[in-house]
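Biologist: Please take a close look at one part of this model for me. I would like the pocket first, then the strands beside that topic.

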Amino acid sequence: MHRSKTALSLLQKVDRLRTSTCTTTLVSRMHTVYLHQPSPIRLAWSLHADRSSNGLNRREFSTEKDTARVEEPSESEKKLTLEVEELRKESAELTEKVKSLDDKYKRALAESENIRRRLTKQIDDAKLFGIQGFCKDLLDVADILGHATEAVPKEEVSEKNPHLKNLFEGLSMTRQQLNSVFKRHGLEAVNPMNEKFNPNLHEALFQQEVANVEPNTVVVVSKIGYKLHDRCIRPALVGVAKG
């Protein structure tokens, strides 16, 4: 009886060993087939092998499917990406628009500054040369007074002719006072005797041969000229030495 129990125990151990060996061989073969199968079949074999070896209800996924699932963006991500791109484009457009407006603003400032300077200069010139027309009218009066005083012989101006003397002195004082008023307002006489001819201030009426005088030298002043603040309002009429 004891021997029969021992034999029965040995037979059970042999069966368990045989079952374990078959299971290991089956799992090895399944693993080999799994490596040569497509991705969906791999997933099924992986689940079956995992359940067979560990006895746990655990699910494993293929690496290729997991990677595709991670890399594929969702609808919200796509929408957010499009909004970001639109915002970048709008930002670039606004930047260019700001640059253009800034350039126009600077040009407008420069133009307004130039206009302001021109207007300021015109106002200053108007203040300085606003009396130009009035001065030209008074030049004829100054010429007449000059001719009147120069026409009186010096030897006749004496105590013997008191009326002529008083008249001459009055004309001379009037002429001096008029010249003083001219000078106070920037009007000066131009008498270029023995000076180089200047076309901006002089007007040549004739040329003549003069010994020991350099060419283009004023030798005769027929009528003196006048300038108002360095602006010629009447050129001097002169005769120039011939070269």
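What volume does the largest pocket have?

Modeller: This is a predicted model, where local features need pLDDT of at least 70, side-chain atom pairs count only at pLDDT 80 or more, and totals for chains, interfaces and linings use all residues. Residues are numbered from 1 along each chain as its sequence is written, and side-chain values use heavy atoms, without hydrogens and water.

The largest pocket has a volume of about 310 Å³. A pocket is an open set of points on a 1 Å grid over the protein atoms alone, where a 1.4 Å probe fits, with protein on both sides within 12 Å along at least five of seven lines. Its volume is the space filled by probe spheres set on the points, joined across faces, edges and corners.

The lining has 18 residues, each with an atom within 4 Å of a point. Closest to the centre are Asp143, Glu150, Arg175, Ile224 and Tyr226. By type, the lining holds 8 nonpolar, 4 polar and 6 charged residues. Here Asp, Glu, Lys and Arg count as charged; Ala, Val, Leu, Ile, Met, Phe, Trp, Tyr, Cys and Pro as nonpolar; the others, Gly among them, as polar.

α5 (132-151) gives the largest share, 5 residues. α6 (162-184), β1 (187-190) and β3 (218-223) each supply at least two. Helices (H or I, at least four residues) and strands (E, at least two) are DSSP runs, numbered from the N terminus.

Now follow β3 into its sheet. This open sheet has 3 strands in the order β2-β6-β3, with mixed pairing. Strands pair if DSSP finds at least two bridges between them. β3 is an edge strand, as is β2 (202-208). β3 and β6 (236-241) run antiparallel, joined by 4 bridges. Val220 has Gly239 of β6 as its bridge partner.
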